[in-house]
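Here is a short briefing on one protein model. Look over the sequence and the structure first, then read the points by topic.

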Amino acid sequence: MGNYEIGLIGLSVMGQNLALNIARNHSIAVYNRTTSKTKDFMDNKVENQEIKAAYDLEEFISSLTKPRKIMLMIKAGKPVDLVIDSLLPHLDENDIIIDGGNSHFEDTNRRQKNLAEKGINYLGVGISGGEYGALHGPSIMPGGTKAAYAEVSEILEDAAAKTEKGACVSYLGPKSAGHYVKMVHNGIEYGIMEVLAEIYDFMRKILKLEAEEIGDIFAEWNQDFDSYLVEITAKIMKKEDPKTDQKLINMILDKAKHKGTGKWSVQSALDLGTAIPTINAGVNARLMSAIKEERIKNAEQFEKSQNRELAKENLIKKLKSALYFASVIAYAEGFKLLKTASEEYDYNLNYKEIARIWEDGCIIRSGLLEPIQKAFAAEMQLDTLITAEQFKSKLVNSAADLKEIINEAAESELPLTALHAAADYFNSLKSEKMPANLIQAQRDFFGAHTYQRLDAEGTFHTEWE
């Protein structure tokens, strides 16, 4: 039996950085299917740390203490299943496999069930923070059996980002709770990124500001927001392109890619009957950006809107309000989805604790997470963040500023899909009456789907003609 506390498979940049992070406090063995990648890692990255390089699976597994703890840092989907299949002949009962990738939560449920029948524990662990976070301390979101988490908790706590409240890791719940929370984290990320992109677009196209000025504005705003995404947006605006001596942002093609987690959030929300329009807008905007050639052809067939003189300082203040408003709404949508999923899948999520472990290490860390924690501390089963005292009056005030931004954008034919979606979500949630009575009538008219009445229980049908 070996003496290394944990093993890690998958030496991409994230895997390498996480291995180096873990090795600061614990002994670790590493393995990659491509031998040259393992050798390169050991030769160029490892310095005075207790890291063992293994060049075949038997050597790798035999180097680990029992119960063996094996973290997978590999591409989600079929590759995870293939690696699990290759491990199984070498594993013993109570060994633990930890999937640290962005696996779909339903895949995690399937793998946990299959492995449990073989006596193997499986943890689905969301990890956020990118390459930097993996090395210096990410936010870690574990789900699975509590006993299995207890076996690896010390290692994960030592690797995670730290705040004055503790390590940014916490056992979230059974089954796929960890990967589901990470999926929703990424959905919120999509929404806020699109909101920032739309505010940038407003600044450059309507206010005619240069990237340097926009960077200064975002940097100033971030003294209040304390947001990682706002922080990096300010830095991006100021980065020079060595090839052209222009700002690099002006040379980057406007086609955004996505890896699937945002789309999964939208798909899951639809399955659960939960509206997340701001997050959905973030996904849709990336899909629209992908059809660049079509957009160019279409633009040639329409006249461009005329420039107008605008009061820049006033609108910049209102854009800051719009960013606050839409960011809160993106979080509100994400936590609403988590609440619905927790009830449907018996995760028993602690929303205050989720907000706490997102305070550092992850991509959506921001100053908004402290009042979110206070909101859930006051009422853990809060239906929506928009009614929490920490946000209610501020949302009302900033909604008025957002309305002006939306009106100005409409005059200039500038799409603000996420900002508009956030406003509509807020207005819908506080609408006592919506026009769904007409939809009920229409469905009954053409399909005899029945409807409900205000003045009587049950369902009804009318012969409309």
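Which residues are exposed on the other side of α4? They are Lys-78 and Leu-82. Exposed means over 50% relative accessible area, buried under 20%, and partly exposed in between (1.4 Å probe, protein chains only).

This is a predicted model: local features need pLDDT of at least 70, side-chain atom pairs count only at pLDDT 80 or more, and totals for chains, interfaces and linings use all residues. Residues are numbered from 1 along each chain as its sequence is written, and side-chain values use heavy atoms, with hydrogens and water left out.

**Domains**
- The domain assignment gives domain 1 (6-171), domain 2 (182-430) and domain 3 (435-464). Such bounds come from an automatic or database assignment.
- The centres of domain 1 and domain 3, taken over C-alpha atoms, are 54 Å apart.

**Helix α4**
- Helices (H or I, at least four residues) and strands (E, at least two) are DSSP runs, numbered from the N terminus.
- In α4 (residues 78-87), the buried residues are Val-80, Val-83, Ile-84 and Leu-87. They lie on the same side of α4 because they cover an arc of only 100° around the axis. That arc is taken from the directions from the helix axis to the C-beta atoms.
- An α-helix has 3.6 residues a turn, so residues three or four places apart point the same way.
- The cover over the buried residues of α4 includes strands β1 (6-9), β4 (69-72), β5 (96-99) and β6 (121-128). It also includes helices α3 (57-62) and α5 (105-116). Contact means heavy atoms within 4.5 Å.

**Helices α8 and α12**
- The axes of α8 (residues 177-205) and α12 (residues 277-290) come within 7 Å and cross at roughly 70°. Axes are lines fitted to C-alpha atoms, for helices over the stretch in contact, and angles run from 0 to 180 degrees between N-to-C directions.
- From α8, residues in the contact include Gly-187, Ile-188 and Tyr-190. From α12, they include Thr-278, Ile-279 and Ala-281.

**Backbone details**
- Lys-66 and Pro-67 are joined by a cis peptide bond, with omega about -5°. Pro-67 sits in the loop between α3 and β4.
- Asn-94 is not a glycine, yet its phi is positive, near 80°. Its place is the loop between α4 and β5. Asn-94 counts as partly exposed because its relative accessibility is 44%.
- Lys-208, also not a glycine, has a positive phi of about 60°. Lys-208 is in the loop between α8 and α9 (211-225).
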